[in-house]
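Reader: I want to learn how to read salt bridges and helix packing in a model. Can you take me through them step by step?
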Amino acid sequence: MTVPTVPAREEIVAQLAEILHEVAGVVPAEVTEEKSLVEELDVDSLAMAEVIVVAEERFGIELPEEEMKDMRTVLDIVIRVEKQAAS
């Protein structure tokens with residue numbers, strides 16, 4: 001039985017910074033765990049949906065759509081990626 005490997009938190013944040021840059025034009029250096037996606041990084045709901053789709057593809061996971069409204073900070077997404085990657 002193979003145990004799924006969960007990427008390191010720093011790696012997840014780096015990948016999310018890249019995704020946010022590609023999708024919403026966010027400067028990667030500004031992406032930190034505590035940053036608010038809407039208020040501080042200016043990611044609108046349409047861009048957020050695209051970020052989730054790209055993150056799912058990149059990490060090989062599924063993030064439930066109904067949880068999207070609870071993803072307010074970069075850390076919220078990181079925690080869900082970690083959980084999904086571990087299961």
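Author: Start with the salt bridges. This is a predicted model, and the structure holds four salt bridges.

Reader: What cut-off makes a salt bridge?

Author: A side-chain nitrogen of Lys or Arg must lie within 4 Å of a carboxyl oxygen of Asp or Glu. Take glutamate 18 and arginine 58: their side chains meet at 3.1 Å, N to O. Glutamate 18 sits in helix α1 (residues 9–24), and arginine 58 sits in helix α2 (residues 45–59).

Reader: Which residue does glutamate 22 form a salt bridge with?

Author: Its partner is arginine 58, with the closest N and O atoms 3.3 Å apart.

Reader: Where do arginine 80 and glutamate 67 lie?

Author: Arginine 80 is in helix α3 (residues 74–86), and glutamate 67 is in the loop between α2 and α3. Their side chains meet in a salt bridge at 2.7 Å, N to O. The pair therefore ties together parts that are 13 residues apart in sequence. Arginine 80 is buried, with a relative accessible area of 17%. Glutamate 67 is partly exposed, at 27%.

Reader: Which residues do shared partners join into one network?

Author: Glu18, Glu22 and Arg58.

Reader: Now the helices. What describes two packed helices?

Author: The angle between their axes and the distance between the axes. Here, α1 and α3 pack at about 120 degrees, with their axes 10 Å apart. Angles of 65 to 115 degrees count as roughly perpendicular, and those over 145 as roughly antiparallel. α1 and α3 are therefore oblique to each other. Their crossing is right-handed.

Reader: Which residues make the contact?

Author: From α1, Arg9, Ile12, Val13 and Leu16. From α3, Val74, Leu75, Ile77, Val78, Ile79, Val81 and Glu82. By class, the contact of α1 with α3 has nine nonpolar, no polar and two charged residues.

How values were computed: Residues numbered from 1 in each chain as written. Predicted model: local features only at pLDDT ≥ 70, side-chain atom pairs only at ≥ 80, totals over all residues. Heavy atoms only, no water. Helix = DSSP H or I, 4+ residues; strand = E, 2+ residues; numbered from the N terminus. Buried < 20%, exposed > 50% of the residue type's maximum accessible area, 1.4 Å probe, protein only. Axes fitted to C-alpha atoms, helices over the stretch in contact; angles between N-to-C directions. Parallel < 35°, antiparallel > 145°, perpendicular 65-115°, else oblique. Left-handed = near helix turned anticlockwise from the far one by under 90°. Contact = heavy atoms within 4.5 Å. Nonpolar A, V, L, I, M, F, W, Y, C, P; charged D, E, K, R; others polar.
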